[in-house]
Amino acid sequence: MKLAVAIALLCLLAAGAGAAYGHERTPRGNGARGVVLTGLSRARPDSPCKNGFELRLPNGRVGCTHGPDPAPPGRDVREPRSLGDIAAMTSGDPSGTATAYGQIFCTGDGVDGNRVQAVYAYPANGQDHYDSVAPYVRQWAAQGDRVLNDSAAETGGVRHVRYVTDANCQLDVAKVALSANGQASLAGTAADLASQGFDRPDRKYLVWVDAYVYCGVATVEPDDRPGQNNANNGSGSPGMVARVDRGCWGMPSDSAEAHELTHILGGVQPTAPHGTWNYHCSDESELMCYDDDSTADGYVGSHGQLVPLAYVCPGLHERLLDCGGDDYFSANPDPNGWLAQHWNVANSSFLTSEGPPSVPDSTAPRATAPKIRVEGRLARTVPVRLRWTSKDADAVGFWLWRSIDGRSWKYVERPDLWRNEALFRLARGHSYRFLVHAFDAAGNASPAAVGRPFSMQVFQERSPAVSYTGRWRRVFRSRASARHIASPRSVEARSMVVFRGKAIALVSPTSLDGGRARIFIDGRYAGTIDLTSATPTERQVVFSRRLRHGRHRIAVNPVPGSGPVPVDAFVVLR
């Protein structure tokens, strides 16, 4: 799983325990990635947890956890995410009735037998966003169900999650208020759930926590016995708890919800052929495998030794479970293999083999080529924003690549693959080209949508390309792009540039007494700019426009009676 290819889970070596917990002896948290150790203690050699961490649960019980799963590289789980960002990521109907991930399967009367209960949890001393968030929870629950059913289809089976549903066959999303301790730790979350009646032995609790502490974390049961009396199958003790915080809700390509749900269903046991000490696995590419021992060196602890991660399955398998179907999930395991004699999540009574089979999705979404414009503040580098989109509603993310000066393409790492834009600060004197692939939840990727190559040219205020009418004066300004600006000194003062390119931008300072100007491109009105700002800024892009590639003319005509409209520079994308 690439939730943390570069930042691994913290499980560590204790004195006298050999190499049981990775390469290091001193625990290190990482709040930005959600590796928060509050309420956790390293499992002792004689602990019932055997591996991972212990946590104190209600009524004096000792619980076990694999520890916090880190967020993807570049994502800080402490940074607030608006519901607008969450909606954009989800790529579906907020009503929860029609989504890119399909719908959950409704079985029985919705409450009988062993079930997974969806829970929205919010700070008791904060805002309750239940009405806004619950529709998305229904989509992410469907996403988790799809991951399991698509994974079952690989071995000729059907598996759906037995969610708690209401009389209308809609996912029941319970609501829980969390104390400060409930927000801060998994143990606190479990305690708050129990105090409000969410501790039934015939339930597992998948909790969306409206806080910024973890990416994802869950309780685990170290039990690899094959029968229905396995501790992961509802053993009579209060239900297991999986928690996903707002910073990682609804990630389209690596579902944190499906990952943590699989943990509370019993995957991955450290005794599995490719199991790791930290309840993950070593045979990529799949949802439950990653470098999970805090070293990010491509090695993980497994069966008493360090072993390299092996990339057995293709990258498109990343969103699915159990590469090879031999460690923890298979609808039809090899009768002579390890999994047939040990705990198989596909046999969980919290899943059902009823319902529709996985419908293979082999149709790739279509992407549009990136469009460019100058945006932000000019420096030694030029701020260029790229925007693109998909022509298909089921696209859940985009892969972005870049070529500089015609050299080979390089993949651009981005923390939020669902975003359809990116801002770059590009060095002058080079040519650039970008391409985009759109992908859907089934892993289908579009052909490359390739943008046109471009370079940047900056015309400073005294460049021969810039012409002026009226009276102007060159004024020293230490923070200007070339330490000078052209300042108008008459009401008829105008500036103009004739250029060849595909985009143009005007750079100017803004201030309390900034003026307004009408912009004309090729003789046609293109808009009015206003340089008034409460906080003065320098080198600000105050106008930007994409154009058909060719020869153009931009004219800046100040509005009579307004303040000055100085020229710092013009930027042309060619």
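Guide: A disulfide is a pair of cysteine sulfur atoms within 2.5 Å. Please note that the model shown is predicted.

Visitor: What makes C313 and C323 a disulfide?

Guide: Their sulfur atoms lie 2.1 Å apart. The cut-off is within 2.5 Å, and therefore the pair qualifies. The angle about the S-S bond is 95 degrees, and this link is right-handed. C313 and C323 both sit in the loop between strand 13 (310-311) and strand 14 (351-352), ten residues apart.

Visitor: Why are C281 and C289 called buried?

Guide: Buried means under 20% relative accessible area. C281 has 0% relative accessibility, so this residue counts as buried. C289 also has 0%, so the term applies there as well. The sulfur atoms of C281 and C289 are 1.9 Å apart, and the two form a disulfide.

Visitor: Why is the disulfide of C106 and C169 called left-handed?

Guide: The torsion about its S-S bond is about -80 degrees, so the disulfide is left-handed. C106 lies in the loop between helix 1 (83-90) and strand 4 (115-123), and C169 in the loop between strand 5 (160-161) and strand 6 (173-178), so the pair ties together parts that are 63 residues apart in sequence.

How values were computed: Residues are numbered from 1 along each chain as its sequence is written. This is a predicted model: local features need pLDDT of at least 70, side-chain atom pairs count only at pLDDT 80 or more; totals for chains, interfaces and linings use all residues. Side-chain values use heavy atoms; hydrogens and water are left out. Helices (H or I, at least four residues) and strands (E, at least two) are DSSP runs, numbered from the N terminus. Buried means under 20% relative accessible area, exposed over 50%, partly exposed in between (1.4 Å probe, protein chains only).
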